[in-house]
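Good morning, and thank you for joining this group meeting.

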Amino acid sequence: MDKGAISRDDILKTIAEYEHMGAEAFLDTYEYGKATKYVILHAGKEYDSKAIAGVAHKHQHERPLANDELSGGVGRGQAVEWLKREGFTIGVTRNPKWTRDELILACDVVARNGWKELNAEDPRIAELSEYLQLLSAYPLEERASTYRNHNGCARKTSDIVSNRLGYEGKPTNGGQLDREVAADFTDRPAEMAQAAELLREGLRTGTLEPVAADDSQDDGEDEASAPEGRLLYRRHRTRERNRALRTKKIAAVLKAGGSLACQACGFDFEAVYGERGEGYIECHHVVPLHKAGEGTTKLSDLALICSNCHRMIHRSARWLTPSELRALVESRAQARAAALPAPRPSESSGASR
């Protein structure tokens, strides 16, 4: 029988042995280390997945697998896959890192508390935990049993406070993203508070669709440049990509006698590419993310922008308006012109002297 051919009954026998011996003795006896990432969730308890899978091997084979003969991760021929194949639920030992959307909600609670941490018994922490469960930034299989619980949320408020610029005490284990979001709330408090409220509103009403942290459908560079978070950014981009709105906007501009030239740099796709570029231009939703609620998008909320200018608007915070980008383009053109060398006197003018 091939390595990895273990049954559900083999695994249950091994779990019973684990229970009888105790975790420490079981791991010592079979020379396995404690699970660092994946565990089996069974009958309300957690068990070291790699050790259980390796030892279960002995029931249909001559011996258990040694620690170095088995990989404990996800993938073909690895312990987690063997256990899942037999119908066992797999959990993780540690919770994943906090996303920007989660930190926006947590930082807003801290800011409204006068930039002081909150304890796990505070009702505002309970509310934060509920919103984070609704947010579902990670699938169930990537969450530990303590995922965004009251204690974890309270600890995160401490991270936010101690990693804020100007804090004079010893910082806790917060990271760079904690510092960035705290700085956004410090620099633009009204905008970030409104963004947090839009997130809560969208989660309460179900109008914001959860986005998995590893979902790379959209360009990560653009999302990273949106301090208001991934969910609001996705809603923003969905509106921009609405074909019906784009068609109506183009028709309205042409009916008014306008052209489909970029409102920032003047680029005209048809003028450059001929028939291939006819009727093409992108739309940018000019309403800032922190103000873009669930109201109906008006044509006046949209600007016609070429692809390059659209990328430049979205590239980093704060996002520029089309008119601000146009001013930047014009100033750069003037600077380039001023840097050109002065023209030489012509030969004909030299001959006349």
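Predicted model: local features only at pLDDT ≥ 70, side-chain atom pairs only at ≥ 80, totals over all residues.

Residues are numbered from 1 along each chain as its sequence is written, and side-chain values use heavy atoms, with hydrogens and water left out.

Let me start with the whole protein. The protein has 16 helices and 5 strands; these are DSSP runs numbered from the N terminus, helices being H or I with at least four residues and strands E with at least two. Of its 353 residues, 42% are buried. Here buried means under 20% relative accessible area, exposed means over 50%, and partly exposed lies in between, with a 1.4 Å probe and protein chains only. Contact means heavy atoms within 4.5 Å. Among contacts between residues at least 6 apart in sequence, 66% join residues at least 24 apart.

I turn now to helix H9. Helix H9 covers residues 189-205, which makes 17 residues. From its first C-alpha to its last it reaches 24 Å, close to the 24 Å expected at 1.5 Å a residue; the expected span is 1.5 Å times one less than the number of residues. Which residues of H9 are buried? They are Met192, Ala195, Ala196, Leu198, Leu199, Arg200, Gly202 and Leu203. Their cover includes helix H5 (100-112), helix H6 (123-135), helix H8 (176-187) and helix H11 (230-240). After H9 comes Gly206, with a positive phi near 80 degrees.

Among the buried residues of H11 are Arg230, Arg234, Arg235, Arg237, Arg239 and Glu240. Helix H8 contains Asp184, which is buried at a relative accessible area of 16%. Leaving out residues up to four places away in sequence, Asp184 touches Arg100, Pro189, Met192 and Pro227. Met192 is also one of the buried residues of H9.

Next, the largest pocket. Rolling a probe the size of a water molecule over the atoms shows where empty space is left. On a 1 Å grid over the protein atoms alone, a pocket is an open set of points where a 1.4 Å probe fits, with protein on both sides within 12 Å along at least five of seven lines; lining residues have an atom within 4 Å of a point. The largest pocket holds about 450 Å³ of space, the volume being that filled by probe spheres set on the points, which are joined across faces, edges and corners. Its lining has 21 residues, and Trp98, Gly152, Arg155, Lys156 and Asp159 lie nearest its centre. Helix H7 (150-162) and H8 are the elements that give two or more residues to this lining, and H7 gives the largest share, 5 residues. By class, the lining has 5 nonpolar, 10 polar and 6 charged residues. In this scheme Ala, Val, Leu, Ile, Met, Phe, Trp, Tyr, Cys and Pro count as nonpolar, Asp, Glu, Lys and Arg as charged, and the others, Gly among them, as polar.

Let us move to the aromatic rings. The whole structure contains 8 aromatic pairs. Rings of Phe, Tyr and Trp (its six-membered ring) pair if their centres lie within 6.5 Å; planes under 30 degrees apart count as stacked, over 60 as edge-to-face and the rest as tilted. Why is the pair of Tyr18 and Tyr47 edge-to-face? The ring centres are 5.1 Å apart and the planes stand at 80 degrees, so the pair falls in that class. Because Tyr18 lies in helix H1 (residues 8-21) and Tyr47 in strand E2 (residues 45-48), the pair ties together parts that are 29 residues apart in sequence. Tyr18 is buried at 6% relative accessible area, and Tyr47 is buried at 4%. Ring pairs link Tyr18, Phe26, Tyr30 and Tyr47 into a cluster.

Finally, consider Leu299, in the loop between E4 and strand E5 (302-305). Leu299 is partly exposed, at 29% relative accessibility. Its contacts, aside from neighbours within four places in sequence, are Leu245, Lys248, Lys249 and Ala252. Ala252 belongs to helix H12 (residues 243-255) and is partly exposed at 35%. Ala252 and Leu299 are 47 residues apart in sequence, with their C-alpha atoms 8.4 Å apart in space.
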